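Let's take a quick tour of a protein model. Keep the picture handy and follow along.

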Amino acid sequence: MHGMSEVFLGALCAALCGAEGWQDIEDFGKLKIDCLRGHLPYKNGIPRDDTFPRFFRSLDPDPFQDLFPTWVKRISIRFKICFLPG
């Protein structure tokens, strides 16, 4: 239901803004859905709080460690800062 980039972007932005758990990440996504949709479709809305741990548990850590910095670099060039609290 949710693309990999949607899960990563929502979780990363929420964590950078102080989210401390899966429910915080979901809540952040709901608050910032318009901004997030400015970058990715989020056709099915924000993933639920139980989707995030299931997704991250399924990742193979070695390829993730290799690919994550590249993904962050790619999105950091593309995205405006619109995730500030408030």
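Here is a short briefing on a helix, a pocket, a core and the cysteines.

This is a predicted model, where local features need pLDDT of at least 70, side-chain atom pairs count only at pLDDT 80 or more, and totals for chains, interfaces and linings use all residues. Residues are numbered from 1 along each chain as its sequence is written, and side-chain values use heavy atoms, with hydrogens and water left out.

**Helix H1**
- Helices here are DSSP runs (H or I, at least four residues), numbered from the N terminus, and H1 covers 4-16.
- Buried means under 20% relative accessible area, exposed over 50%, and partly exposed in between (1.4 Å probe, protein chains only).
- Among the buried residues of H1 are Glu6, Val7, Phe8 and Leu9.
- Just after H1, Gly18 has a positive phi of about 105°.

**The core**
- A nonpolar core is a set of buried Ala, Val, Leu, Ile, Met, Phe, Trp, Tyr and Cys residues joined through side-chain atoms within 4.5 Å.
- The largest one has 18 residues, and Leu9 and Tyr42 have the most contacts inside it.
- H1, H2 (22-31), H3 (33-37), H4 (51-57) and H5 each supply at least two residues of this core, with H1 giving the most, six residues.

**The second largest pocket**
- On a 1 Å grid over the protein atoms alone, a pocket is an open set of points where a 1.4 Å probe fits, with protein on both sides within 12 Å along at least five of seven lines; lining residues have an atom within 4 Å of a point.
- About 230 Å³ of space lies in the second largest pocket, and its lining includes Met4, Phe8, Trp71 and Arg74.
- H1 and H5 (61-78) each supply at least two lining residues, and H5 gives the most, with seven.
- By class, the lining has eight nonpolar, two polar and two charged residues.

**The cysteines**
- A disulfide is a pair of cysteine sulfur atoms within 2.5 Å, and by this rule the count is zero.
- Cys13 counts as buried because its relative accessibility is 7%, whereas Cys17, at 31%, counts as partly exposed.

Notes: Points joined across faces, edges and corners; volume = space filled by probe spheres on them. Nonpolar A, V, L, I, M, F, W, Y, C, P; charged D, E, K, R; others polar.
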